[in-house]
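Thank you all for coming. I would like to walk you slowly through one model today, so please keep the picture in view while I talk.

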Amino acid sequence: MQFPKAFSALALLIGLTQAAGAQTCTPKVPASSLIEAPKWQMSINPTLPPQQFVDDKGELQGLNVELAREIAKRICVEAVFLRMDFPPMIPALRSGRFDAINTGLFWTEERSKMLYLVPYAQQAISIYTDPSSSLKLEKFEDLAGRVVGVESATYTERKAREFSTAMEAKGLKPVELRTFATVTATSAALRAGQLEAALNINETANSLEQKGIAKIWVRDIAGTDITFAFRDKLLAQAAADALTAIRVDGTYDKLFDKFGMTKLKATTFVIRGDGPTN
């Protein structure tokens with residue numbers, strides 16, 4: 001027996017609706033924990049491959065993107081990514097413009113008192129040059145008096161300035177740091193000969209070297225935890241619990257192996273620090 005096309009289309013629509021309904025679940029955080037429930041809105045600067053980047057089709061890719069989507073699935077919310085530069089992220093999160101920062105924010109004591117930080121990976125800093133450079137570097141002190149590029153308002157910039165100040169106290173010349181909004185801008189300046197060297201996280205430096213646009217001289221400087229940052233404690237705890245489940249079922253290891261990122265040794269994820277005091 002043949003059915004009219006209109007009936008077939010209606011049946012298909014009903015089937016799709018039922019399938020969608022079967023996939024729905026109850027969010028594991030109250031609506032008050034989200035700016036616009038059930039959306040989990042997070043800022044991201046997709047300029048740091050393999051952590052977060054935009055592919056040739058303009059789509060977001062990387063460990064942070066896939067990990068956030070896994071967390072969202074586990075806590076039954078919709079992952080929404082807001083692309084923006086890093087410098088305004090912390091004040092924007094604290095003022096309630098979105099729910100979280102998803103950029104691999106380095107853990108610091110100061111930040112742990114402003115935001116709810118959930119560590120999920122390890123990172124450190126690399127020093128690199130243009131492949132054609134004749135400069136040879138063995139340690140951070142070899143950058144004394146040299147012009148070095150770094151992304152602005154980042155942990156990397158902060159540590160570089162601390163090291164430079166310490167070098168100056170020992171009688172060495174300070175590093176002449178020039179800041180840029182993105183790694184792409186830093187790389188362009190390096191290729192143009194405006195910089196002698198540059199600093200970035202290990203994984204991004206590795207990606208640049210694999211593409212033939214950088215040569216790494218020093219790795220693993222000032223390693224520390226990187227985190228998801230939240231304005232709401234209940235949302236942060238739900239994300240931490242989801243990360244623990246992701247670790248237990250093997251998804252965590254698969255994603256980290258896929259993108260070549262450094263895993264945390266811990267198997268249970270928690271909020272590290274007290275969070276905001278007001």
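Before the first feature, a word on terms: helices (H or I, at least four residues) and strands (E, at least two) are DSSP runs, numbered from the N terminus, and two strands pair if DSSP finds at least two bridges between them. Please keep in mind that this is a predicted model, in which local features need pLDDT of at least 70 and side-chain atom pairs count only at pLDDT 80 or more, while totals for chains, interfaces and linings use all residues. Residues are numbered from 1 along each chain as its sequence is written, and side-chain values use heavy atoms, with hydrogens and water left out.

Strand β3, residues 52–54, is joined to β4 by two bridges, and V54 has L60 in β4 as its bridge partner.

Turning to open space, where does the largest share of the lining of the largest pocket come from? It comes from α6, with four residues. A pocket here is an open set of points on a 1 Å grid over the protein atoms alone, with protein on both sides within 12 Å along at least five of seven lines, whereas a cavity is a set where a 1.4 Å probe fits but cannot get out; lining residues have an atom within 4 Å of a point. A volume is the space filled by probe spheres set on the points, which are joined across faces, edges and corners.

The largest pocket has a volume of about 250 Å³, and of its 14 lining residues, P49, V183, T184, L208 and K211 are the closest to the centre. The elements giving two or more residues to this lining are β2, β3, α6 (183–191) and α7 (202–210).

Finally, consider L135, in the loop between β7 (116–129) and β8 (147–151). L135 counts as buried because its relative accessibility is 12%, where buried means under 20% relative accessible area, exposed over 50%, and partly exposed in between (1.4 Å probe, protein chains only). Neighbours within four places in sequence aside, L135 is in contact (heavy atoms within 4.5 Å) with T129, R146, E196 and W217.
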